[in-house]
Amino acid sequence: MKSHYRAVIVGGGVIGASVAYHLTKLGWTDIALLERSVLTAGSSWHAAGGVHTLNADPNVAALQAYTIDLMAEIEKESGQSVGMHMTGGLMLAKDPDRWEWLQSNVRVMQAMGIDDARIAGPEEIKALCPLLNVSDLRGGMVFENEGYVDPSGVVHAYAKCARNRGADIIEHNRVLSLRQRPDLMWEVTTEKGVIVAEHVVNAGGLWAKQVGRMVGVELPVSPMEHHYLVTETIPELAARPGEVPTVVDLDGFSYMRQEQKGLLLGIYEINHKHWNMDGAPWDYGIELIQEDTDRISDELALAFHRYPCLETTGIKRWVNGAFTFSPDGNPLVGPVRGVPNYWVACGVMAGFVQGGGVGKSLAEWMVAGETEVDVYGMDIARYGDFATSQDYIRQTTGQFYSRRFIMTYPNEHLPAGRPLKVPGAYDAMTAAGAQWTAIWGLEAPLYFAPKGFSETPTLKRSNAFPIVAAEVKAVREKAGLLDISAFSRYEVTGPKAAEWLDHVMAGALPKPGRARLAPMLGPDGRLKGDLTVLNWGDGSWWIMGSYYLRQWHMRWFEDHLTDGVAVRDISDIVTGFGLVGPRSREILQKLTPTDLGGLKMFGCQVMDVGLIRARVARMSFTGEMGYEINCGALEHATLRRLLLEAGADKGLTEFGYTAANSLRLEKSVGIWSREFTQGYTPGMTGYDRFVAFDKGEFIGAAAA
């Protein structure tokens, strides 16, 4: 062990080893991987090792496909077998909606270039895996590029490749503390001495929570118990050449793969159980938790129905081990806002299928400053302080685990961790029939329904359709009122505010009293935001954008901050309403002495709106004529009441974000995470018309 390294990786599981491998592959060879026990201790050693490409996030799915392809490469380079068994895979469907969902997912995968999946009927499924009872199945999806690996072999292959390129792999050396010096170098105190490093990576797995707390960071992760069983020899398998495909029975809450001449059967039970929410004990390692078969009995009954051979087969061993989960089940990857050169790669519950993609993406981020593909679905910045309370983590991780194999419909809004943050007029809007969703912990209205209404989740047209249609009609023909609390707002001030904005934003800045759409680019010329910049004319500027990107954008702003400028997130202290539709001007004019005829499109100014001193901009992302009226958070309920009273004789109707999305699509108004992402350039999206290529140097100018 040396006294100085460029990077130290904390944790010797599959993720830490993958990060070490990918960093050395990109040329950072002066690194150390520190493991408190031995490689694989914690979760990696007892993982089932299944690998597959299907994921709800297409970019994560692509990284999973990359990981599968990587296995042969690291096996060849290291000389260490990874135990790759490419058996193919099956995903079963009994429920009619599940069957339709599988068919749609084949098309999604084909659109991504993953062409090894197809639909099959019960007869073909039975032929591929004779152990299955297919009597109640509608069909399934067949995957060619799927199977399982030897978990220990994969970890050691990554580690050997990294070691061969110069990395130090140091076992039996627990990290005791992390301290950042004034020069931003890290002092890593270990059981074997102090290391000074430029970068620290938290790949702590079951101990990620403690490694985060060493630097004052609360990570939204929790270990949870997970069962699988391994059977004794099954005669049908003993007599069969080769192996049966891996099987995921979504309606039965189980997954299966062959283990020698028996089966490995895993359960995602509804009755989940957390384990050591503050992190595993430091002396925990190559150990298991006592199995609790009573807790998973209902799911086991379904598995015995699906695999009748289990009725006459003995169980060789039970495995009840802990894995770490995030609230949405996806990894937490990337730089931590406000803690320079501290990186996370944790919460990767599917480590052997996502480990390669996580290691690749984080290494690219550290070495080049950007990832090759859009990894927002894994970015730690998709969460903020709202997600760090233990009860929030308990509810959301438990919800994800219990719903691991349950369909989530496009119009379904799950209850865990809610309501947490609410707008000022929440109670009044709820009384008016608001149906809510959560955006980054904040309740936002979907639509306003009659008393007693309940939306039925579906893959088809929802029973909320006529309600939303009526809201759209009201906005287009008269006027609508939309709560815009779920917009992010950043205040930019200081003598060099304009200079800084001109460098960070790719578009031309608005003149005083004006607003402009403002694309923001990364150094590689790809989009970093579709924002709006407002120049209030008093030396202060606002940036407005998507509420759920607050941590992500503030990290970006702070990383590029210079002297003479201050950026403040005011999203929770400033809120407001959007007033849109052909009658919006006459409604607002009732409440203000300001002549609204002088406020042209994309104009903005401070004005009185009834009792409230508001900041008003004439714009609307719905594409209709409208105004965004911003007020203090404590004035939100009052502003709503004033506007509804003023619009009572003009047909003013409250509406929600479902109708707003319909309206904006009719006008081809793009939004982030749909038409715009960091995977696209301005030219790919048509957003280049807002880029001021002639204004001089700005971030991403040359690449764009």
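Biologist: Let us begin with two residues: are Tyr268 and Tyr401 buried or exposed?

Modeller: Please bear in mind that this is a predicted model. Tyr268 is buried, and Tyr401 is buried as well.

Biologist: How is a pair of aromatic rings described?

Modeller: One gives the distance between the ring centres and the angle between the planes. Across the whole structure, a search finds 22 aromatic pairs. In the pair of Tyr268 and Tyr401, the centres are 5.1 Å apart and the planes stand at 55°, so this pair is tilted. Tyr268 belongs to the loop between S15 and H8, whereas Tyr401 belongs to helix H10 (residues 390-402), so the pair ties together parts 133 residues apart in sequence.

Biologist: Which residues do ring pairs link into a cluster?

Modeller: The cluster consists of Tyr255, Tyr268, Phe325, Phe400, Tyr401 and Phe405.

Biologist: Why is the pair of Tyr447 and Phe453 edge-to-face?

Modeller: The planes of Tyr447 and Phe453 are at 80°, with the ring centres 6.1 Å apart, so the pair is edge-to-face; the cut-off for that class is an angle over 60 degrees. Tyr447 has a relative accessibility of 3% and therefore counts as buried.

Biologist: Which charged residue lies over the face of Trp207?

Modeller: Arg36 does, at 4.2 Å from the ring centre. Likewise, the charged end of Lys360 is placed over the ring of Tyr66, 5.5 Å from its centre.

Biologist: Where is Lys273 found?

Modeller: Lys273 is in the loop between strand S15 (262-267) and helix H8 (297-306). Beyond its neighbours within four places in sequence, Lys273 contacts Met224, Glu225 and Arg295.

Note on methods
Residues are numbered from 1 along each chain as its sequence is written. This is a predicted model: local features need pLDDT of at least 70, side-chain atom pairs count only at pLDDT 80 or more; totals for chains, interfaces and linings use all residues. Side-chain values use heavy atoms; hydrogens and water are left out. Helices (H or I, at least four residues) and strands (E, at least two) are DSSP runs, numbered from the N terminus. Contact means heavy atoms within 4.5 Å. Rings of Phe, Tyr and Trp (its six-membered ring) pair if their centres lie within 6.5 Å; planes under 30 degrees apart count as stacked, over 60 as edge-to-face and the rest as tilted. Buried means under 20% relative accessible area, exposed over 50%, partly exposed in between (1.4 Å probe, protein chains only). A charge sits over a ring if NZ of Lys or CZ of Arg is within 6 Å of the ring centre and within 35 degrees of the ring normal.
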